[in-house]
4 protein chains.
Amino acid sequence: MSLSNYSVAFIGLGNMGGPMAANLLKANAKVCVFDLVPQAVAELQSQGATAAASAEEAVKGADIVISMLPAGRHVQGLYLGDSERGVAGLIDVLEQNTLVIDSSTIDAATSILVGKTLAEKGIAFVDAPVSGGTAGAAAGTLTFIVGGEVSAYEKAQPVLSAMGKNIFHAGQNGAGQIAKICNNMLLSVLMVGTSEALQMAIDNGLDPKVMSDIMLQSSGRNWTLELYNPCPGVMPNVPSSNDYTGGFMVDLMRKDLGLALDTALKSHSSTPMGAMAQNLYNMHSMQGSGMRDFSSIFELFSAQNKQQ
Amino acid sequence: MSLSNYSVAFIGLGNMGGPMAANLLKANAKVCVFDLVPQAVAELQSQGATAAASAEEAVKGADIVISMLPAGRHVQGLYLGDSERGVAGLIDVLEQNTLVIDSSTIDAATSILVGKTLAEKGIAFVDAPVSGGTAGAAAGTLTFIVGGEVSAYEKAQPVLSAMGKNIFHAGQNGAGQIAKICNNMLLSVLMVGTSEALQMAIDNGLDPKVMSDIMLQSSGRNWTLELYNPCPGVMPNVPSSNDYTGGFMVDLMRKDLGLALDTALKSHSSTPMGAMAQNLYNMHSMQGSGMRDFSSIFELFSAQNKQQ
Amino acid sequence: MSLSNYSVAFIGLGNMGGPMAANLLKANAKVCVFDLVPQAVAELQSQGATAAASAEEAVKGADIVISMLPAGRHVQGLYLGDSERGVAGLIDVLEQNTLVIDSSTIDAATSILVGKTLAEKGIAFVDAPVSGGTAGAAAGTLTFIVGGEVSAYEKAQPVLSAMGKNIFHAGQNGAGQIAKICNNMLLSVLMVGTSEALQMAIDNGLDPKVMSDIMLQSSGRNWTLELYNPCPGVMPNVPSSNDYTGGFMVDLMRKDLGLALDTALKSHSSTPMGAMAQNLYNMHSMQGSGMRDFSSIFELFSAQNKQQ
Amino acid sequence: MSLSNYSVAFIGLGNMGGPMAANLLKANAKVCVFDLVPQAVAELQSQGATAAASAEEAVKGADIVISMLPAGRHVQGLYLGDSERGVAGLIDVLEQNTLVIDSSTIDAATSILVGKTLAEKGIAFVDAPVSGGTAGAAAGTLTFIVGGEVSAYEKAQPVLSAMGKNIFHAGQNGAGQIAKICNNMLLSVLMVGTSEALQMAIDNGLDPKVMSDIMLQSSGRNWTLELYNPCPGVMPNVPSSNDYTGGFMVDLMRKDLGLALDTALKSHSSTPMGAMAQNLYNMHSMQGSGMRDFSSIFELFSAQNKQQ
């Protein structure tokens, strides 16, 4: 499908945003980009994007605005402005019927606030956080989990399809964020639980590959055993077989677990497993593993200097 | 495949052993049965089995002996005897080249001890604990996880195939037990982790069915989301949609988690997630849910009288 | 010591604030009070306070302003105003050299923000959260944990001494809040840990009173064994011997644990024990115990319908 | 008090048993000693003990037998014999009315079995595990927690008083062991909980000494804050201020936690905090800290390479 009729503004061209914008260009969309880092803008310009000198300039004439930013305060500042710093938000310049797609992973409360405030001006907003990492961003195989009105979700689909493979509608504004962090909290539990089960098997003389195969065909089956075994040597081409490089960094998992537990505190939800995983990942990062793949949590259980 | 050339002794005809022995009869095996409960023996007799008055009598002339007993002390007593009570074990009467298949779920140490002691007399032994519950026992669709020599494993296969669908070779004696409890420990973690993720989504306004669908296609995917969703109403024909009746009882999960943590203590393995699940299942049982399906742990997170 | 030279404004006359203000009156301070609930104001008026129709009116001419409010947003609104609602804050009317003492238990970030903003106008601020409950408030035996400049701490002391017995200086603004929640997080861990140790002793045939005495004189000694034994019948005149009524409510502990874990998330601190306690208190409250004393967590471990 | 009328056999002269036997000699008891290590025997001989060539020889003519051994199997083997190895137990040679005091820290089940079996021959038995470490053993300031009949407890007291300062009667046989591990399980929870509270205070800018003082006088008070602060520099002359050397080793705490959780599994007790502590100590040991003082668990929370 060609996006040649679409005029897209893309704000935030980091490790994820850059390749995502590039995929829109490949799908023939008109893309105007902005980032605080001039090099990031130049890189996209070289691939066919129009460079803007500011976010305000980037969104002029855009049908669709996409943002990919680090945290909730950046998203709120971009769209609603920051009265403390006297900075205006895009809300003052966006035209009615523009669709805003925020793909940042942030707290749901901010997504809800931004969505509600934009809606008062007739501007549609969806939160559409992604999973799939930088590899997925480059390959255009990301997963998008979308929160917003059905009409906005449907309008976003062609554009998201140019950047991703799976697109889910989770519910109203904020639901995309909630669904993503619930999923990632569960993922952290799967990773830790699988690691300790595998290491206990090893400690009792079993072969981790045999144990993995058995659990994969039994009631212990889960995504980590299917695609991302944390035990070195069991599966080729995964981070555990590459000294835990590549993949999804421990500190990114910590960020998501922080958002998850913050959400649980606010909704008075009990999450003992998620809290356990969050603390283990915290300790793991503090011991120097923050930049390694999150499956390296396996090493908490398999330390080489294991003593009797 | 017909087992008409096989002469099998079956000891222990409870909720699991009874239907397992019946499936051997359906496959045309000659089956001689024993149980301390006369009714259980009579029931199998009516289906074509020969009744024995004792375990010793049951194993006479058998090629293969299968046992299905509640705990390690029963298995050890049956095969090795109990010097305190002056009871002799089957080890004194079994002929060389008999194959012993113990399908009880017990501690690996006992399996290893029994296997080693029988081997000294030339009697082959495999531990072959099952999963699949009473429904699987009746339908002949159990999963067997086998520990023992390859030759014994291969000899056991035709007989196990008459009672089950999946048959795994986990390693040497005891490995069947270890693999089963590692799997079930992980299963308990999946169940608790999935429950808390789903309830947190519900607490934040998401539909549990939508959330389940998203996680099923994302990195939170696991066996409970595929086949055994713990949230009432999401999936038909599972215990959660039937008031948590049927299925796999909380107190059976507690038994398996007890074996798992006992194993972890002995092998100095760290199992924080397994320990958390074990304690939560303990509390859940203490509050009166011991006989309900293990997916009812969901209610720890979704109590109706939830307060702000 | 007489406070007859002090003119105090007291804002927030709830279960804690009311008796605290009354103790200032007993110490001969001039006290002008305000609360949104007219009855609360009338009650203090009958004890000698001057009633104010608004917070602004209450603080006129006051040397010292004391506030006792439910949450951070109330404190921020009171002092800094709420631009969304067009409400001005006391910051616009307080005179230089006034000392503000906020005894609310709130997030440290708000205390720091309010303290810093007031300081810019020359107004001194201390956060001075209390422990000791309504009984301590009535008896004038509260503990105050104070965050702020030494000079402000010293100025606050005479007034705090009229309402409390122990007054600590924890550090700069916010440190009072941090110290209180660290202490209360640890208290929750002591309570749960002591409960499970006592119940395990009981489960193995020991007398809980004997076990308590032994631990009290050994390395398990802690505040709960000294003054607040959670096992019914061990200690007279504590909530556990009075069906867990009175004392410190489960839902207040949940509030403090919520503040603690929110702080831990922000400072990237690992708190596995605190997180465990928070989740157990959450579940306990969800099962209907929110209004009972926090030592009732003992019942999670001692459920009467305990099964084998 | 002089023990000159007492004839004591002491078996097991390790780091604890050696100095304990020496204190009996100082109190003028006649002491006959045995250990598998000849040097240990010679050392006591040089202090006035009679050396025996075997346990059987040591107990001849003894009124009181004391043993201090590493694990349950050693205690059972010593008193009841080991039929597998064809070794007889002291039960065959001890005279009626001998009092046996086993000060080993072992599983309660073995203490109960040994006590019951000896009782059938008219031999009194108490389990009397100690705390206080090698320093307490040398200084004669150990704590003994005794399980057994009141008459046996009273008979043991003078002898125990020569070796210790605090002597508790916990209940029947086995109760000494149970009480000790309940206490030590709680101690591990106090240590971890105090560590995480202190580090969270530090992470938020508080002085750990100030924070410790405040909690010591508040509801967070516990033995570790009184006598064994885990944060370096807060308290002089404790392991944390001496690079975590001396004191009570991590691997000894692991041993006690292993006994505690094994007990919990058998009595179906829920111990989420104890299980958490056990897993954290396990991981801490695996990372190379097994021989350091158990307060070094503080470092799990304060890692120097802490990242944001």
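Close-up 1. B:L186 lies in helix α8 of chain B, where helices (H or I, at least four residues) and strands (E, at least two) are DSSP runs, numbered from the N terminus. This is a predicted model, in which local features need pLDDT of at least 70 and side-chain atom pairs count only at pLDDT 80 or more, while totals for chains, interfaces and linings use all residues. Residues are numbered from 1 along each chain as its sequence is written, chains are lettered from A and ligands numbered from 1 in the order in which they are written, and side-chain values use heavy atoms, with hydrogens and water left out. B:L186 counts as buried because its relative accessibility is 1%, the term buried meaning under 20% relative accessible area, exposed over 50%, and partly exposed in between (1.4 Å probe, protein chains only). Leaving aside its neighbours within four places in sequence, B:L186 is in contact with residues of chain A, namely A:G193, A:T194, A:A197, A:M215, A:G220, A:N222 and A:L225, contact meaning heavy atoms within 4.5 Å. Within its own chain, B:L186 is 88 residues from B:G274 in sequence, yet the C-alpha atoms of the two are separated by 7.1 Å.

**Close-up 2. The interface of chain B and chain A.** The contact draws 57 residues from chain B and 57 residues from chain A. Together the two chains bury about 5,000 Å², with 68% of it on carbon and sulfur atoms; buried area is the accessible area (1.4 Å probe) that two parts lose on being put together, summed over both. Of the area that chain B buries against chain A, 15% is supplied by B:M200, B:S219 and B:M273, more than by any other three residues. Across this interface there are 16 residue pairs in polar contact (both at pLDDT 80 or more), a polar contact being a pair of N or O atoms within 3.5 Å, where within protein one must be able to donate a hydrogen and the other to accept it, and residues adjacent in sequence count only if both atoms are side-chain atoms. On the side of chain B that touches chain A, at least two residues each come from β9 (164–171), α8 (175–203), α9 (208–216), α10 (223–227), α11 (250–267) and α12 (272–289) of chain B, and the largest share, 20 residues, comes from α8(B).

**Close-up 3. A salt bridge between two chains.** Two salt bridges are counted between chain B and chain A, a salt bridge being a side-chain nitrogen of Lys or Arg within 4 Å of a carboxyl oxygen of Asp or Glu. In one pair, B:R221 forms a salt bridge with A:E226, and the closest N and O atoms are 2.7 Å apart. B:R221 is buried, since its relative accessible area is 18%, whereas A:E226, with a relative accessible area of 24%, is partly exposed.

**Close-up 4. Salt bridges within chain A.** Over all chains, the count comes to 21 salt bridges. One of them joins the side chains of A:D256 and A:K180 (4.0 Å, N to O). This pair links distant parts of the chain, with A:D256 in helix α11 (residues 250–267) of chain A and A:K180 in helix α8 (residues 175–203) of chain A, 76 residues apart. Both A:D256 and A:K180 are buried. A further salt bridge is formed by the side chains of A:E299 and A:R292 (3.1 Å, N to O), and here A:E299 is partly exposed, at 33% relative accessibility.

**Close-up 5. Parallel strands β8 and β9 of chain A.** Strand β8 (residues 142–147) of chain A runs parallel to strand β9 (residues 164–171) of chain A, and six bridges join them; two strands pair if DSSP finds at least two bridges between them. A:L142 stands opposite A:G164 in β9(A). With helix α7 (residues 150–161) of chain A, the strands β8(A) and β9(A) make a right-handed β-α-β unit, right-handed meaning that, with the strands pointing away from the viewer, the path from the first strand over the helix to the second runs clockwise.

**Close-up 6. Helix α4 of chain B.** In helix α4 (residues 72–80) of chain B, the buried residues are B:G72, B:V75, B:G77, B:L78 and B:Y79. Among the elements that cover these buried residues are β1 (7–11), α3 (55–59), β4 (64–67), β5 (99–102) and α5 (108–119) of chain B. Just after α4(B), B:G81 takes a positive phi of about 85°.
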